[in-house]
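These are my notebook entries on one structure.

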Amino acid sequence: MQWTNNERGYGWLSIALHWLALIAIIAMFWSGFAAENAGELGDRAARRALMGFHTAFGASVALILLARVALHFLQRQPTPVPQPPALNFISTATHKLLLLAILIQFISGPLAIWSGGRDINVFDLFAIPTPFAERNEAVHEGAEVAHAIGRWMLLGLIALHVLGALKHAFIDRDGVLRRMLAPAET
Ligand code: HEM
Ligand code: HEM
């Protein structure tokens with residue numbers, strides 16, 4: 001069983017975390033945008049329920065997503081497939097920026113709640129207490145701006161990343177998508 005990455009491909013750890021993170025990020029986008037819509041429609045009960053899910057689910061998957069970012073940097077990355085250096089640069093930069101955007105969301109989200117003087121309630125099972133003694137307006141506004149930047153960064157980069165993956169799968173047919181589905185055979 002190939003757990004870690006090698007020069008020819010990704011190991012199961014990277015593959016599992018890559019697709020788990022995709023599912024978690026879809027759930028975060030769905031609940032975040034649905035809460036925003038409910039707010040715009042003036043449905044406060046729905047907004048509260050959706051934001052409750054957004055923050056509780058976010059707190060529940062935080063460790064998986066942080067492990068995903070850390071393991072990218074703790075392991076070697078497979079050798080890039082032969083392609084022009086400019087495309088290699090864009091692809092590597094997109095990967096690093098995607099990981100940065102995940103970090104921005106997972107720092108700014110909790111900070112937006114805590115700086116508002118509130119604890120993070122995790123499905124009414126337990127709460128992660130705020131380290132702030134009282135509401136801090138400057139930190140709160142900064143965290144909200146960072147959370148908005150992170151979300152648009154993620155959307156743009158995911159679009160670029162998926163287009164790249166589709167180009168490799170259907171135009172180049174060079175096995176790049178295959179190596180994110182199963183480790184290379186040894
Ligand atoms: C990949 C991860 C995440 C994504 C894609 C994401 C996405 C979003 C979106 C689309 C909104 C818009 C809702 C609105 O403007 O009303 C939002 C708001 C919010 N999110 Fe997240 N989020 C993520 C992670 C988190 C985490 C981990 C937390 C906290 C545990 C969190 C807490 C919040 C809070 C408090 C708001 C409302 C305040 C604000 O608009 O800044 N988010 N998020
Ligand atoms: C349908 C959606 C997606 C597809 C088809 C896809 C496909 C791929 C493929 C084929 C690779 C291997 C690239 C290579 O070896 O050069 C890869 C790597 C990567 N993907 Fe995705 N991806 C998707 C969604 C995402 C999302 C949502 C994120 C993060 C927000 C992400 C972050 C990364 C990163 C950081 C890498 C570099 C390797 C690693 O650290 O795991 N991907 N992806």
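Axes are lines fitted to C-alpha atoms, for helices over the stretch in contact, and the angles run from 0 to 180 degrees between N-to-C directions.

**Entry 1. Ground rules**

I noted that this is a predicted model, in which local features need pLDDT of at least 70 and side-chain atom pairs count only at pLDDT 80 or more, while totals for chains, interfaces and linings use all residues. Residues are numbered from 1 along each chain as its sequence is written, and chains are lettered from A and ligands numbered from 1 in the order in which they are written.

**Entry 2. The chain as a whole**

I counted elements as DSSP runs numbered from the N terminus, with helices (H or I) of at least four residues and strands (E) of at least two. The protein chain has four helices and two strands, and their order from the N terminus is α-α-α-β-β-α. Along the principal axes, the C-alpha atoms fill a box of roughly 55 × 30 × 25 Å.

For burial I used the count of other C-beta atoms, placed from the backbone, within 10 Å of a residue's own: 20 or more is buried, 12 or fewer is exposed, and in between is partly exposed. By this count, 17% of the 186 residues in the protein chain are buried.

Two residues are in contact if their C-beta atoms, placed from the backbone, lie within 7 Å. Of the contacts between residues at least 6 apart in sequence, 66% join residues at least 24 apart.

**Entry 3. Helix pairs**

How do H3 and H4 pass each other? Their axes come within 8 Å and cross at roughly 150°, and H3 and H4 are therefore roughly antiparallel to each other. H3 passes H4 in a left-handed crossing; a crossing is left-handed if the near helix is turned anticlockwise from the far one by less than a right angle, and right-handed if clockwise. The residues of this contact divide into 14 nonpolar, 10 polar and two charged. In this grouping, Ala, Val, Leu, Ile, Met, Phe, Trp, Tyr, Cys and Pro are nonpolar, Asp, Glu, Lys and Arg are charged, and the others, Gly among them, are polar.

I then turned to H1 and H2, which pack at an angle of about 160° with their axes 9 Å apart. H1 and H2 are therefore roughly antiparallel to each other. H1 passes H2 in a left-handed crossing, and the residues of their contact divide into 20 nonpolar, six polar and two charged.

**Entry 4. The ligands**

A residue was taken as near a molecule if its C-beta atom, placed from the backbone, lies within 6 Å of it. I found 25 residues around ligand 1, the closest being Gly-32, Glu-36, Gly-58, Gln-105 and Gly-109. The elements giving two or more residues to this shell are helix H1 (12-40), helix H2 (44-74), helix H3 (85-114) and helix H4 (137-172). H1 gives the most, with eight residues. The shell around ligand 1 holds 14 nonpolar, eight polar and three charged residues.

Around ligand 2 there are 21 residues, of which His-72, His-95, Leu-98, Ala-165 and Met-180 come nearest. Here H1, H3 and H4 give two or more residues. The shell around ligand 2 divides into 14 nonpolar, six polar and one charged.

**Entry 5. Single residues**

I looked up Leu-177 in the segment after H4. Leu-177 is partly exposed, because 16 other C-beta atoms lie within 10 Å. Leaving aside neighbours within four places in sequence, Leu-177 is in contact with Ala-165, His-168 and Ala-169.

Arg-173 is also found in the segment after H4. Arg-173 has a positive phi of about 45° although it is not a glycine, and it is exposed, with 10 other C-beta atoms within 10 Å.

Phe-123, in the loop between strand E1 (120-122) and strand E2 (126-128), has a positive phi of about 50° and is not a glycine. Phe-123 is exposed, because 12 other C-beta atoms lie within 10 Å.

Not counting residues up to four places away in sequence, Asp-119 touches Ala-127, Ile-128, Pro-129 and Thr-130. The C-alpha atoms of Asp-119 and Phe-132, 13 residues apart along the chain, are separated by 9.5 Å.

How values were computed
Parallel < 35°, antiparallel > 145°, perpendicular 65-115°, else oblique.
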